[in-house]
Structures are given as structure tokens and as C-alpha cells.
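Hi,

Here is the structure I promised to pass on. My notes follow it.

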Amino acid sequence: MKSAVFALLATAAQAAPSTGECCRSMAEVLPSIYHGPSAADYNELVTARWSITAMQHPGCVMTPSSAKDMSIIVKFLTTMQCKFAVKSGGHNPNPGFNNIDKGVSIDLRSLNSTSLAHDRSYVSLGTGLSWGHAYAAFEKDKIAFTGGICEDVGVGGLSVGGGQSLFQAGKGWVVDNIISYEVVLASGEIVNANQKNNSDLYKALKGGSTNFGIVTKVDLAAFDFDGMWGGQMLLALEGPQAGHEQMIETITNTTVDFVADNHSDTDSGIQIVATYLRNGTQVVDIAFSNTANIANPPALQSFLKLPNQLRNTNRHASLAELAHETSLAIPRGFRYVTASVTISNDKATMLDFWKAIDKVYNGLEVKNQIDWLVSIVPQPKLQETYAKARGGNVLGLQDVDEDQLVLWLVSRWNDESLDKAMENARQQFVDAAVSVAKAHNTYYPFIYLNYASPDQDPLCGYGAENVAFMKKVAKKYDPTGAFQRLQPGGFKLCHAQCA
């Protein structure tokens, strides 16, 4: 087997092959995990994405089940100079970020191992797992860990993109809770990156995304956990107790006050999604959580008393149950756009932001064919204080001295002919949010990578020092720039246009 691989590599290295040649060679080397267009499961593999905008047509799909499989695949692709894409959960809607036309798609779904350390201090997760499956796997052990807010987000992408979670005020970013990464480098070498071994790679992966290698497993700090309290509260923006303008002002004031005081109750959290549905209904969905399992905690009382309540599902539940419920607000099967802007936690900015974004929405000629979703995600300054204990990260937030809010557009539609209009609306959202924030002197350059539009440059938002560090690390571990050239999807250091 090994000699056959080397023989094929030697032959392939003589000239850059076509996609067909890449796939035929992969089929010969690893036939048990090869899926060509005639395979019964090919269509399911290429369409297994959250957003229809991410669906493309690779020449073939590989489903590695071990780091060794991945090593053979990566060494083969880099030697042959084949273009490829990598999919974990497939939750990013940006075209090309987790899929590829022609080329080779690597689907991590079979990297789905779970294990708990003997001392219960950490879990090991294969990067092909979804967070919902990861949470459920340890319920019987009464163990939890920081991870995705929605159940169908993949472990792989979130573990190198930052990672918002329900534990962020009390534990920090997901990447700040990773103890070790198992990584396959462009050479095919399998390495561990942690505070003792390959510590520069370890730090760079914590926000640096797909620029250094393919992560196949993470060891993630764990803690005892026996359920939590939380759920969703749905509010009408125009109702019997308050009109639209009053509701926006009340929700804004309550949100900003909560984030400013989040340090006094790090177990409580919120996520807010304002939704203007294509049928004309306008609602706000507020997701609550208390990870200490305290019902109706004092920190959330102002929210629980808001007017125009339509539904309240708060109860004692498991982490997996609440991740499932959160996912229902942004279900699979639509076309999506995404974009993100970060601002200071400021009431005046937020009130003007809502006015500016409503103006963008009202200017759309296709309101009856889209659902316009704008989410507000707290980013308290306390969240940034946990990074130092495990060697820091590259997010560039270690010196932030004020609480922040992430403004996230995540709108959906069905008709492909509307793609261009929604891409334009996405840019108008970014321009309006940035303009309002700069006018109030509350704009911050950080862009949460997992929420960013393909036209944004989140790596530059980490700051010049971190970009220089990441480029140095990429050159060290991937000297030929394979992950810059051959894996075109995602945000690449070689394309970072930093002012």
C-alpha cells in the first residue's frame, strides 16, 4: 500500500493534474473512503450543508476516519497540486468556504470520536462532530464544555474560528478552552499543538482558521455539569402593549444594561434575533441561558418582564436540548447571507443602528420573498480575560477595555435569482452599521470570522501584530503555501488586505 502511494506521488508530481486525475488517483489509493459522482451517497455528501448557497459540485469526496487517512490525503493533494475544500459541520453559507466546484471535497463526518479523560478534566472530540452530538455524548457523564450555540455547527470550524458559546462570560472563547489540537500539516505530518509542543501553531490556530493545516481532533477543557435553565422568548414588535419604536428602545436599553452588568452573573446569557418575516410579521426572539441551572435569575428579570410576549419556553433542560432549540430559528434548507460588525456596548449607537438597518430593509424590493434576520450577540470584556491562561489567541482582543456587541446579519430566501440583491443588501448592512458606529466613535475593527461575509477581512481585524505572527507561523508549518493556494475557501492570510 505504502509503496503504491509513493509511486503515484512520484508520477503525479511531474505535472499539475486535472480534477479527474486527482480523483482517479485518490480512488486508487483510498478506495474505501472515496465517493465519486456515480456513488450512491455522492449527492447527499455534497448537499449536506446548512445553506443552499454553499452547495457546489466537487469532482469527488473523501471521508477520512483517522488522522492517518487525512495524512495520506493531504500529502497526496499537496504533492499533486490538487485543489480541495474541507467540511466539518458545513454551517458557513459563503460559497466555496466548505465546498468546491471540481476539486476534491474532504468531509470530516467520520472523524466523530468522543472520549472523556480519566480525571474528567477534558474531552477529546473529532472535528467532524456537530456540537449537538458532542453535547449529547457526555450527558450521561454529567460533563459539559464550551462549544457552539447551535446544534448543527461543526466542531472543526468553530475550533479555529474563535467560538461564541453559552459559557462565554464565565469561560471565554471556545478556542481559549482548547488544550491541544491534533493537526495534519501540508507535508502529511501529524502533530499535536499545545502549550508545550508547537506552541506557536497552537496560538495561531486559535482564530487563524484554515491557514496552517487540517485539525482532526481537539482536546477541550471540561467541567461537571448537570443541566441548565433556558429557552426562548418570542416578542411581537408591534403589539397590544407597545409599538415598534417603543419595543426597539426597551429591548435595546435592557440588552445594553445586561451586557454592562454581565460580570456580576457570568452564568446568565442572552442571544437576540430580530426577524422580519416575508409574510409581514415582525418579531424578536431572545434566547436565555443560565448555566448554573438557576431558574429566572435576577440578571434576566428585565427581559422576562418585556411587553408583547407571544411565547416563553424557558425551563430546566440539557445543553443539547437548548442547542437544538436555538437551531430552529435558523434552519437548514434556505439560501443565506452572513456579515458581522463589532461595536461598543452603547445605547445611542444601537438605537441609530436599528434605524439605519430598517432603512436598508425597507429599501428592498423583495421583502415579500425574504426573511430579514439581525442578531445581537454580547461580547463582554470579561470574555477576553480567559485567553492568557492557555497562551493567548490571535483574535486581538486582549487589551479591549469595554464591553462589546456583535451585530450579525443572517438573512434567508429561496429563489436563486435573488442572490445578487441579497449580496447587495448584505453590503448595505455592513456599510450602515459601520457608518453609525463610526459616527458614535464606537466602531471596533474586530470581525467575528465565523459570521463574516466573503467580502470582509476578519484576519486584518485581529491587528497587524497578529497578522504578522500568523504569516510567520504559516510559513514555518506550510513553507510551500499549500493551504493558501490549494484550499481556496475561507479567509486566507495571502489575501488579507490590511491597511
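Cys150 is buried, at a relative accessible area of 9% (buried is under 20%, exposed over 50%, partly exposed in between, with a 1.4 Å probe and protein chains only). Cys494 is in no disulfide; the nearest cysteine sulfur, that of Cys460, is 12 Å away (a disulfide is a pair of cysteine sulfur atoms within 2.5 Å). Cys494 counts as partly exposed because its relative accessible area is 42%.

Before the rest, the ground rules. This is a predicted model: local features need pLDDT of at least 70, side-chain atom pairs count only at pLDDT 80 or more, and totals for chains, interfaces and linings use all residues. Residues are numbered from 1 along each chain as its sequence is written, and side-chain values use heavy atoms, with hydrogens and water left out.

**Disulfides**

How many disulfides does the structure hold? There are three. In sequence order of the bonded cysteines, the pairing is 1-4, 2-3, 5-6.

- Cys22 is joined to Cys82, S to S 1.9 Å. The link is left-handed, with -95 degrees about the S-S bond. It ties distant parts of the chain, 60 residues apart: Cys22 sits in helix α2 (residues 19-29), Cys82 in the loop between α4 and β3. Both Cys22 and Cys82 are buried.
- Cys23 is bonded to Cys60, with the sulfur atoms 2.2 Å apart. This link is left-handed, at -85 degrees. Cys23 is in helix α2 and Cys60 in strand β2, 37 residues apart. Both Cys23 and Cys60 are buried.
- Cys460 pairs with Cys498, sulfur atoms 1.9 Å apart. The link is left-handed, at -85 degrees. Cys460 lies in the loop between β22 (443-444) and α14, and Cys498 in the segment after α15 (482-485), 38 residues apart. Cys460 is buried at 18% relative accessible area, whereas Cys498 is partly exposed at 37%.

Helices (H or I, at least four residues) and strands (E, at least two) are DSSP runs, numbered from the N terminus.

**Sheets**

Strand β2 (residues 60-62) pairs with β4 (residues 104-107) in the parallel sense, over three bridges. Cys60, the disulfide partner of Cys23, has Val104 in β4 as its bridge partner. Axes are lines fitted to C-alpha atoms, for helices over the stretch in contact, and angles run from 0 to 180 degrees between N-to-C directions. Contact means heavy atoms within 4.5 Å.

A five-strand open sheet is antiparallel, in the order β5-β6-β10-β8-β9. The edges are β5 (114-116) and β9 (190-193). Neighbouring strands of this sheet are turned by 15 degrees on average, direction ignored. Helix α4 packs here too, touching β8, β9 and β10 (214-221), at about 45 degrees to β8. Strand β8 (residues 178-184) pairs with β9 over four bridges. Helix α8 (residues 199-208) lies across β8, β9 and β10, at about 95 degrees to β8.

**Asn466**

Not counting residues up to four places away in sequence, Asn466 touches Asn393, Val394, Leu395 and Gly396.

Best wishes

How values were computed: Pairing = 2+ DSSP bridges.
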